[in-house]
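Please look through the structure shown below before reading on.

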Amino acid sequence: MEDPAELAGDILNTHLEEWRRGGGRIVGYTCVATPREIMDAAGILPYRIRALGKPERELADAHLSRFNCGFCRACLQLGLEGTYDFLDGLVENNGCDHLRGMFEDWVYAKRPGFFHYLRVPHIVSEVSLEFFAEELELFREALGRHFQVEITDASLKEAMERNNRTRESLRELFSLREGERPALTGRQALAVILLESSLPPAAFEEYLARFLEKSRGNEVKGYRARLLLAGSATDELELVGEIENVGGLVVCDALCYGTRAFWNLPRLAGDPIHALAEAYLKHLLCPRMFDDYHTRLDYILRAAERAKAEGAVLVYNKFCDLHGVENVRLRMDLEEAGIPVLVLEKEYGSGADLGRIRTRIQAFLERIGG
Amino acid sequence: MAEGSSATTRKGAEGLFERVESLVEVAMLLPHGMSDEEVEGLLRVLPPDTSRSMRALLCPRFRDVSLDFIKMLGGWVQELRRAKEEGRKVVLIPFNFPPEVVYIFRNAIPLTSEVMTTLGVSVLEGQGERYWDHAMGLGIPDYLCSSSTIELGSILTGRDFQPDIIVQSAPGACDANSKIHEFVSLHMGIPQVILEKPTEATSRGRELHRRYFLALIRRLEEMIGEELDEERMRGVLEEANRASDLYYELYDLRKFSPCPVPNIFSIFTYGTRFTRWGRPQATEMMRRMVELSRRRREEGAYPADEEVARCMWLYIGYYFDFLGFFNWMEERGITYLNDILSLCQPLHVDTTSRESMLAGLAEACFEYPMTRQIGGDSMSLSWIEEMCQFIRDLDANCAIYSGHHACKQTWSIINQVRREITKRTGTPVLCLQGDSWIRRMTPTSVLQEEISSFVDNVVARRKRTRARA
């Protein structure tokens, strides 16, 4: 079967082309706070925008600036040069300052056919949950109106059931890398997550089932240390590949292009909109949420404990305020808990940065005795 | 607390607050009506950084009003100290939170982090760099906002004046500001209260915000240990309303050409708005600025032969060199009309009832500068619209964006803001780049060069061309 990293290495894959040829619609989003189920229920393919480490920024930089996160600049570059023209619409939310700017510039320059702003509160309370549920209702209406499709409670429940199944399989797969004998690499795990949000649901379910089957009984060998990888938007297969090339095996993560997208989400049941609002807002493990640091810390500590991680690498893209500050406190708390930490600031997608990163990972592995 | 123990605390002071406190204590003794010779004598004994800022502040054109400003802020610093000693709560607030919300409590006083940073940067030898460096030493990224990180860096040393409560009101409007306040709360164990401002400026968004605001008030009541008193609230808000009236008078005076309002009054305006609004000291300060500007208008006083540029600063200014910035521009005929902060447009609060006052305060939070523009669904939309309106209203002939490097939100949309402003108003826009509170990034000389080139080659030339036509 095709290696997930190869399949995930392209923005547009054969399954998507087939989906489009069959009249299927695709809507792009970036933030994990966006309930995919609502798009799925409308028969729309929710595509999670990524940049896959793209280094070019010329078009984007005519809008964004060099003080903005490289991930957002790279995504905007792809949007402006037409790579994402296959999308039938965009969903923005207020994930972070850079993301907001990226969407604003994208919409200003390209005027997409469908654009929706999904507002996500930054705190969890009864009032904010009520507001978020209303937001999801507005999102459902906007999608239905634009794409001329009725998104019923029944279709939502069906989509929730399908996504529940996928998440359970993903949890099973990711558990395989946490065990005594890890069955897959961190690079493969990242690739699977990237595939989840870039394949039609049925195609992904089928692929995941086969990959899971293949992985059972597999064992990755020859690594020097088991690592946890956490931090900001990291969809760079090459970066994880570099960490693993020098001997660190990423056995667990707390990335938004990683377990944070599915691990803690409960099985969704009951009134669909309220269930989605609760699940997505209450389990949003992102430093853009406030009054919630200890939940995020606990999540990382539990992951590290489950996977017996010998060290943690906390990455962040240069200019990311959210993770840049969060990582300072996390480093202190993880080290106090006995987990050695490497904080790694990176220039997103920069090949020139890889040599420096390699050296720092090697030094870290030496430090933790790997 | 006895005078002696206060002095003991400040002896060998290392923190930003305490060092500022020591300096303002002396500065508050300076009398009105100082002669140029007396000022020169004073400047000679001060350390270079302090002397340079004092030279800017004690410029003869507005010397006495500067002294009032120093005294107002000095009084604030002293009151913070007294409050702490008396067991009242010191509430650390960011600049985008109205201080009158704290003043409505008898047992609390606001400490505005960005104003304290600005004070430190302007009056301390070595400016605020050592506190910034301390924060960097903990691992805080170097692209964070110096406006908050300098004062908070000092708090993080654990050897400076400590607040009792942190109010945080920037989630969703500024990640840098929100995260550093959260970090200080976690690191120093200071309880934090959060006010989120929804991005949506509709009745729905405002209603959500009102509910968040009422929850914040309830939390503050618990933490301060005091139930709100309607009469006190009314007193504070009536005082705030008086200051607001004067604010609009000052705004109108800026419409005259040459502008009778000294450039440095923009920072005096928000220095007052962000610290003392709702207290008589703020009203008095606004009155003093209005009076002097009115007198200058009557006399036709302007420090240059001609007002070459009427400049709208689209965002903020630079605060590490008052002399090389505000005064330097003014003496070259470049008027600093306003910026996003001095365009704070305070609201008149209806003081009829407790409910109307709380609703007015919630509205004041929602409509605070930067929060209302950059914290909107679209970060650029109301920013562009408001700036275009102000440019027309104040008859600006150019605009400048300071490009404070930590403001990723504005950096992410400035290209469209620049394009739209030029398209809609015909006003040329200069985009600078630097750190508004740290001189290391772009020195004053470079900023001056860029501003001069822009004014000489674009603004003045256009003006000449138009005059010929």
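**A salt bridge within chain A**

Arg162(A) and Asp40(A) form a salt bridge in which the closest N and O atoms are 3.0 Å apart, a salt bridge being a side-chain nitrogen of Lys or Arg within 4 Å of a carboxyl oxygen of Asp or Glu. This pair links distant parts of the chain, with Arg162(A) in helix 7 of chain A and Asp40(A) in helix 3 (residues 36-41) of chain A, 122 residues apart. Helices (H or I, at least four residues) and strands (E, at least two) are DSSP runs that are numbered from the N terminus. Over all chains, the count by this rule comes to 77 salt bridges.

This is a predicted model, in which local features need pLDDT of at least 70 and side-chain atom pairs count only at pLDDT 80 or more, while totals for chains, interfaces and linings use all residues. Residues are numbered from 1 along each chain as its sequence is written, chains are lettered from A and ligands numbered from 1 in the order in which they are written, and side-chain values use heavy atoms, with hydrogens and water left out.

**Where chain B meets chain A**

- The contact (heavy atoms within 4.5 Å) takes 49 residues from chain B and 53 residues from chain A.
- About 4300 Å² is buried between chain B and chain A, and carbon and sulfur atoms give 54% of that area; buried area is the accessible area (1.4 Å probe) that two parts lose on being put together, summed over both.
- Of the area that chain B buries against chain A, 16% is supplied by Tyr143(B), Lys179(B) and Arg204(B), more than any other three residues.
- Nine salt bridges are counted between chain B and chain A, and Lys179(B) forms a salt bridge with Glu326(A), the closest N and O atoms being 3.0 Å apart.
- On the side of chain B that touches chain A, the elements giving two or more residues are helix 10 (175-188), strand 4 (192-194), helix 11 (203-224) and helix 19 (408-425) of chain B.
- Helix 19 of chain B gives the most to that side, with nine residues.

**The open sheet of chain A**

- Four strands of chain A form an open sheet in the order 6-5-7-8, with parallel pairing, where two strands pair if DSSP finds at least two bridges between them.
- Strand 6 (248-255) and strand 8 (341-346) of chain A stand at the edges with a single partner strand each, so one side of each is left without a neighbour in the sheet.
- Neighbouring strands of this sheet are turned by 25° against each other on average, direction ignored; axes are lines fitted to C-alpha atoms, for helices over the stretch in contact, and angles run from 0 to 180 degrees between N-to-C directions.
- Strand 5 (residues 225-231) and strand 7 (residues 311-317) of chain A pair in the parallel sense over five bridges, and the bridge partner of Leu228(A) in strand 7 of chain A is Ala312(A).
- Helix 7 (residues 153-178) of chain A lies across strand 5 and strand 6 of chain A, running at about 140° to strand 6 of chain A.

**The open sheet of chain B**

- In chain B, four strands form an open sheet in the order 6-5-7-8, and the pairing is parallel.
- Strand 6 (334-338) and strand 8 (429-431) of chain B stand at the edges, each with a single partner strand, so one side of each has no neighbour in the sheet.
- Strand 5 (residues 309-313) of chain B runs parallel to strand 6 of chain B and is joined to it by four bridges, and Arg310(B) has Thr335(B) as its bridge partner in strand 6 of chain B.

**Backbone details**

- Most residues other than glycine have a negative phi, and most peptide bonds are trans.
- The peptide bond from Ser257(B) to Pro258(B) is cis, with omega near -5°, and Pro258(B) is found in the loop between helix 12 (230-253) and helix 13 (265-273) of chain B.
- Leu52(A), a residue other than glycine, has a positive phi near 50°.
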